Amino acid sequence: MVAIANAHNDLIHDAVLDYYGKRLATCSSDKTIKIFEVEGETHKEVATLEGHDGPVWRVDWAHPKFGTILASCSYDGKVLIWKEENGRWSQIACHAVHSASVNSVQWAPHEYGALLLAASSDGKVSVVEFKENGTLTPIIIDAHNIGVNSASWAPATLQENKPTKSPEESRRFVTGGADNLVKIWKYNNESQTYLLEDTLQGHSDWVRDVAWSPSVLLRSYIASVSQDKTCIIWTQENNDSSWKKTELQKERFPDVLWRASWSLSGNILALSGGDNKVTLWKENLEGNWEPAGEVEQ
Amino acid sequence: MVKLAEYSRTATFAWSQDKIPYIVTGTASGTIAADFSNDSTLELWSLLSDPKKDPTPVASITTDARFKDLDWSFDNKFIAGALDDNGKIELFSKEENDTKISLKSLGKFKKHTTAVNTLRFNPKQQNVLASAGNNGEILIWDINKTLSSTDYSPSAPGIAMSTQDEIKSVSWNKSLAHVFASAGDTTTYASIWDLKAKKEVIHLNYTSPKTGLKPNLAVVEWHPKVTTYVATASGSDSDPVILIWDLRNSNMPMTTLEGPHTKGIMSLDWCTKDESLLLSSGRDGIVALWDTKANEVSTTYPTRSQWCFKTKFAPENPDIFASAGFDGQINVNTLQDLTNSQDSQTQADTNKESESEFWNHVSTSTPLEKPTVSKIHAPNWYGNRSPAAQWAFGGKLVKISKDGKGVEIVKPKVQGMECNLKLNE
């Protein structure tokens with residue numbers, strides 16, 4: 001167990017470990033990002049990244065094959081890309097295509113290249129590819145009226161049964177918005193953009209977070225959590241049937257649910273709520289979701 | 001998105017109390033339509049309409065008279081309109097049958113002896129409405145009784161401390177259902193009324209230390225949480241200040257907000273979801289967002305060409321606000337609107353245009369007007385406010401600590417999953 005007290009001067013909104021579990025990135029309302037090195041039970045602050053003009057909502061580590069690279073997004077409408085080289089951190093790119101708060105940022109499965117997905121309160125999501133020659137080619141999509149709160153990539157799947165399709169056409173992601181909807185998007189080669197594949201209705205208030213399970217199974221799992229104090233698990237068989245809706249539990253949670261995270265293997269879902277609790281959930285053999293414990297303080 | 005919608009109407013408006021709100025607009029009185037018609041309509045708009053198409057109302061009805069003000073009750077049941085028709089108010093409702101949405105008039109009521117300028121529903125007692133007009137006339141209505149009984153008469157709030165003049169603004173206390181404030185364009189004071197005591201209990205007035213004059217306190221608005229805080233705004237072109245008072249010391253304001261306004265202020269709105277946000281708009285066409293914690297302006301929106309007489313947050317989704325002006329437009333905007341590289345791209349494109357292309361575009365394109373952001377201030381409904389937990393390799397869970405300022409990395413034990421956790425090592 002590692003505990004880092006008073007890492008920031010103001011509220012921390014996100015904390016993420018890198019691929020190897022050695023580096024921790026945190027971001028806060030104090031407009032900064034901090035990098036900690038974590039070794040066993042010890043930790044050391046190694047950098048404070050300054051560059052955003054507003055609260056920083058989320059951070060995400062790129063796959064290590066691209067280097068030590070971190071993306072961050074902020075209320076200032078920007079996505080910044082940071083890189084460490086020889087122990088020194090610097091800002092290497094600024095992705096400023098949104099006109100309002102960027103609420104989530106996530107790197108695509110590394111098989112797709114250095115591809116970043118950002119969701120903004122301006123109602124759009126953007127997918128930007130960082131190419132070898134330094135150019136950026138953003139694809140911008142009108143996703144949700146009144147704002148997008150979160151976006152999450154589907155894992156890279158091998159579609160052996162559909163050999164004719166180009167590999168790009170298996171790229172999918174999910175978005176959750178202030179219109180209470182969850183939407184599924186899929187790349188279309190012909191139009192060179194992501195097209196709406198499905199609209200999932202079930203929440204009665206803002207969708208705060210969506211998380212596509214990274215486990216590569218025949219069945220896809222998406223968790224969506226909302227201001228309406230519920231969590232819905234959406235499942236799809238074989239990547240092409242319709243989505244099935246399962247309420248995680250019938251009764252509402254005591255408070256707003258803010259964040260959903262799938263374990264990297266085994267499909268254990270961690271939910272974070274406004275009541276300061278983190279609860280864990282797993283699916284039983286009957287396909288129902290049951291509590292798998294609570295994370296102690 | 002940013003500018004979510006633009007309705008080409010010279011109209012006053014009110015928001016519904018929905019998360020994805022409706023907006024109702026009513027033709028404003030005292031203006032001349034482009035076709036010189038005297039028609040008046042009440043129209044309902046949905047923000048879910050396709051932003052790329054010209055907006056069309058989802059429902060509409062014709063009314064006999066134009067509107068001086070509109071308000072929507074907190075239980076969403078009633079829309080009240082102050083008619084420009086010798087002291088009449090009209091009540092409406094939004095009806096939904098299957099998929100069809102319509103507006104319905106519930107009746108017109110003439111109890112005021114002169115014009116009604118403004119009306120407001122009570123946030124606590126949702127059937128109570130205050131309406132106010134000329135000669136200091138204020139009436140307190142029980143809507144249920146108004147609609148059920150033909151001989152119902154609304155009541156007066158009680159004894160005034162001095163002769164009241166034209167009243168243009170009323171605001172209910174957000175917690176005490178029996179307390180409200182009133183103010184007018186022609187008076188140098190704002191009044192606080194207590195319906196239990198049946199009288200005006202406090203008289204607010206202010207002498208500017210700069211000019212030595214008493215500006216007209218034209219607008220009042222209660223603080224969303226603190227029962228003793230009230231904001232007033234000056235309608236005076238020479239001294240357009242916003243004053244925040246603590247009624248426990250009503251001799252002088254607690255805070256004076258001065259900023260972008262160059263002419264009298266006509267509207268205020270205090271955000272109920274984040275009390276550090278206050279909107280103002282005025283005769284200078286300026287709409288400003290204030291940070292009432294730091295006591296400074298945080299954003300100044302693009303100036304309108306005419307008086308901007310009403311500016312209000314969507315109550316349940318205050319990321320959105322609407323402002324109505326005599327320039328013939330109601331604009332629905334988001335609080336935040338940043339310049340981004342796409343705009344500069346558009347700018348670069350115009351530089352490449354030929355002379356004829358330029359003159360073809362210049363008349364049709366709208367200028368890229370952006371708000372001036374003096375200070376980035378994120379509303380409190382943004383950002384994660386939980387001990388956000390995320391899984392990492394090795395069955396580790398990274399979570400933010402309870403106080404929100406620290407981080408913990410833990411390895412939770414999940415029953416029946418021990419083997420899997422081992423696999424992760």
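## Strands, sheets and the A–B interface

In chain A, the stretch of residues 49–92 is 61% strand and 0% helix, and its end C-alpha atoms lie 12 Å apart. The structure described here is a predicted model. Residues 49–92 form one of the spans of chain A that carry the annotation "repeat: WD" in an unreviewed UniProt entry, the others being 168–195 and 200–234. For residues 200–234 of chain A, the end C-alpha atoms are 9 Å apart, and the chain there is 54% strand and 0% helix.

Strand β8 of chain A, residues 79–85, pairs with strand β9 of chain A, residues 88–95, in the antiparallel sense over 7 bridges. Within this pairing, A:Val79 stands opposite A:His95 of β9(A). The hairpin formed by β8(A) and β9(A) has 2 residues between the strands, and A:Asn86 takes a positive phi near 50° in this hairpin.

Further along chain A, 4 strands make up an open sheet with antiparallel pairing, in the order β22-β23-β24-β25. Its edge strands are β22(A) and β25(A), the latter spanning residues 289–294, and each of them pairs on one side only. From one strand to the next, the twist averages 30°. Inside the sheet, β23(A) and β24(A) are joined in the antiparallel sense by 4 bridges, and A:Ala270 has A:Leu280 of β24(A) as its bridge partner.

Chain B also contains an open sheet of 4 strands, which are paired in the antiparallel sense and follow the order β6-β7-β8-β9. The edges are formed by β6(B), residues 67–72, and β9(B), residues 100–110, each of which pairs on one side only. Neighbouring strands of this sheet are turned by 20° against each other on average, with direction ignored. Strand β8(B), residues 88–97, runs antiparallel to β9(B) and is joined to that strand by 10 bridges, while B:Glu95 stands opposite B:Ser102 of β9(B).

| Strand pair | Bridges | Residues opposite each other |
|---|---|---|
| β8(A) and β9(A) | 7 bridges | A:Val79 and A:His95 |
| β8(B) and β9(B) | 10 bridges | B:Glu95 and B:Ser102 |

Where the chains meet, 74 residues of chain A are in contact with 56 residues of chain B. The two chains bury about 5,600 Å² between them, and 60% of this area is on carbon and sulfur atoms. Across the interface there are 16 residue pairs in polar contact, with both residues at pLDDT 80 or more. Several strands of chain A each supply at least two residues of the side that touches chain B, among them β1 (2–4), β2 (12–17), β3 (23–28), β22 (257–262) and β24 (278–283). The largest share of that side, 6 residues, comes from β2(A).

Side chains of opposite charge can pair when their charged atoms come close. The count between chain A and chain B is 1 salt bridge, formed by A:Asp205 and B:Lys19 with their closest N and O atoms 3.5 Å apart. Over all chains, the structure holds 34 salt bridges. One of these lies within chain A, where A:Arg219 forms a salt bridge with A:Glu283 and the closest N and O atoms are 3.5 Å apart. Because A:Arg219 lies in strand β19(A), residues 219–226, and A:Glu283 in strand β24(A), this pair ties together parts that are 64 residues apart in sequence.

Methods
Residues are numbered from 1 along each chain as its sequence is written. Chains are lettered from A and ligands numbered from 1 in the order in which they are written. This is a predicted model: local features need pLDDT of at least 70, side-chain atom pairs count only at pLDDT 80 or more; totals for chains, interfaces and linings use all residues. Side-chain values use heavy atoms; hydrogens and water are left out. Two strands pair if DSSP finds at least two bridges between them. Axes are lines fitted to C-alpha atoms, for helices over the stretch in contact, and angles run from 0 to 180 degrees between N-to-C directions. UniProt positions are given in the numbering used here, feature names are shortened, and annotations may be inferred rather than shown by experiment. Contact means heavy atoms within 4.5 Å. Buried area is the accessible area (1.4 Å probe) that two parts lose on being put together, summed over both. A salt bridge is a side-chain nitrogen of Lys or Arg within 4 Å of a carboxyl oxygen of Asp or Glu. A polar contact is a pair of N or O atoms within 3.5 Å; within protein, one must be able to donate a hydrogen and the other to accept it, and residues adjacent in sequence count only if both atoms are side-chain atoms.
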